Amino acid sequence: MKAAIVFDSAGTLLKVYRVARDVSTKKIIENVVSTNMVTKGRGCALIALQADSVDFLETADPSMSISEYMACSNLGFDIICRGLKCTHERIGDAIKKDRTASMGDLKQAIEAVKLKCKDIYYLNIGLVVDVPNGAIPYVLATGGRVFPGVHGMLKRLMDAGIDVYIASGDNRKSLTSLARELGVPESNVFDAVSPEGKKEVVMSLKERYDRVLMVGDGVNDYLALQAADLGILSLQQEDMKPDILFKASDVIVDDILEVEGVVRESLHKSKK
């Protein structure tokens, strides 16, 4: 039997620390669930900035608005999670209208992550965009490191003939480094994918494999978990999970290392 397993990255393969900087109050909110911030607000979107690294923040003028910097530097964005009717064009127009969120806000969010994560593996930055009001209420920064034991688990799965894929909203540079460290072929990495994109990855793999499994932890994995032959929800990243995730999942694990046993049992039953 030819089988494939798709992993989300942040919160699934990686233990992550996320912060949001409230643009209006200038306060740092720790341990946020960024996708939940979007689902709670109608017409909001979560986007990731298309930056290979955060090094550009070192020379950026902290007083410059994010919208102005994005326009001047031609810095694009990828949609991670969004409400209904939040098209790429509408999100882009909303960003252009905002003049409050600054590059300094992004810098402060990054510094807050670095302060907490001394052994940080990667950094990503993003924005919560209020599309109807043309505003950026929060800027986001995320840092993460690989959960213990993941390297060995993935190697054992691949040694057993199971093809491993990574599908994530994170940028290509971060995911390429992660895949290289974990021994996952770069051709098996799908970066900057939306929830719909993750579903499309699963559906396309189902055309090539007898059985496709999906492992995720957040609301942006919901569609892919539903589409997979077996959807596995990981609770190791300790944050609130919406009910729809539990309903979409076939198996729930508290530790990512439990996935190996679930996969082997699932394939054994399928062969029978």
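1. A cavity is taken here as a set of grid points where a 1.4 Å probe fits but cannot get out. In this predicted model, a search of the whole structure finds one such cavity of 30 Å³ or more. The space in the largest cavity amounts to about 30 Å³. Its lining consists of Leu49, Ala51, Asp52, Ser53, Val54, Leu123, Asn124, Ile125 and Asn171. Strand 6 supplies the largest share of that lining, three residues. By class, five of the lining residues are nonpolar, three are polar and one is charged.

2. The largest nonpolar core holds 37 residues, and those touching the most other members are Leu49, Ile91, Leu106, Ile125, Leu127 and Val139. Two or more residues each come from strand 2 (14-22), strand 4 (44-49), helix 2 (66-73), strand 5 (77-82), helix 3 (88-97), helix 4 (103-116), strand 6 (122-130) and strand 7 (135-146). Of these elements, helix 4 gives the most, with six residues. Leu49 and Ile125 belong to this core and also line the largest cavity.

3. Leu127 deserves a separate comment. Apart from neighbours within four places in sequence, Leu127 is in contact with Ala45, Leu46, Ile47, Leu49, Ile66, Met70, Leu106, Ile136, Tyr138, Val139 and Leu140. Among these partners, Leu49, Leu106 and Val139 are also listed with the core members that touch the most others.

4. The next points concern charged pairs. Side chains of opposite charge can pair when their charged atoms come close. The model contains 14 salt bridges. In one of them, the side chains of Asp105 and Arg21 meet with an N to O distance of 2.7 Å. Asp105 belongs to helix 4 and Arg21 to strand 2, so this pair ties together parts that lie 84 residues apart in sequence. Both Asp105 and Arg21 are buried.

5. Another salt bridge is formed by the side chains of Lys198 and Asp221, at 2.5 Å from N to O. Lys198 is in helix 7 (residues 195-206), while Asp221 is in the loop between strand 10 (211-216) and helix 8 (222-227); the two residues are 23 places apart, and the pair links distant parts of the chain. Lys198 and Asp221 are both buried.

6. The salt bridge between Glu265 and Lys269 has its closest N and O atoms 3.2 Å apart. Both residues lie in helix 10 (residues 258-271), with a spacing of four residues, about one turn of the helix. Lys269 counts as exposed because its relative accessibility is 56%.

7. A network of salt bridges links Arg18, Asp217, Asp239 and Lys241. Asp217, a member of this network, is 26 residues from Asp243 in sequence, with their C-alpha atoms 12 Å apart in space. Asp243 lies in helix 9 (residues 243-248) and is exposed, with a relative accessible area of 57%.

8. In helix 6 (residues 172-182), the buried residues are Ser174, Leu175, Thr176, Leu178, Ala179 and Leu182. The elements against which they pack are strand 2, strand 6, strand 7, helix 5 (150-159), strand 8 (163-167) and strand 9 (189-190). Just after helix 6, Gly183 adopts a positive phi of about 80°.

9. Most residues other than glycine have a negative phi. Asn31, however, has a positive phi, near 50°. Asn31 is located in the loop between strand 3 (28-30) and helix 1 (34-39), and its relative accessibility of 56% means that it counts as exposed. Ala192 also has a positive phi, near 50°, and is found in the loop between strand 9 and helix 7.

Note on methods:
Residues are numbered from 1 along each chain as its sequence is written. This is a predicted model: local features need pLDDT of at least 70, side-chain atom pairs count only at pLDDT 80 or more; totals for chains, interfaces and linings use all residues. Side-chain values use heavy atoms; hydrogens and water are left out. A nonpolar core is a set of buried Ala, Val, Leu, Ile, Met, Phe, Trp, Tyr and Cys residues joined through side-chain atoms within 4.5 Å. Buried means under 20% relative accessible area, exposed over 50%, partly exposed in between (1.4 Å probe, protein chains only). Contact means heavy atoms within 4.5 Å. A salt bridge is a side-chain nitrogen of Lys or Arg within 4 Å of a carboxyl oxygen of Asp or Glu. On a 1 Å grid over the protein atoms alone, a cavity is a set of points where a 1.4 Å probe fits but cannot get out, and a pocket is an open set with protein on both sides within 12 Å along at least five of seven lines; lining residues have an atom within 4 Å of a point. Grid points are joined across faces, edges and corners, and a volume is the space filled by probe spheres set on the points. Ala, Val, Leu, Ile, Met, Phe, Trp, Tyr, Cys and Pro count as nonpolar, Asp, Glu, Lys and Arg as charged, and the others, Gly among them, as polar.
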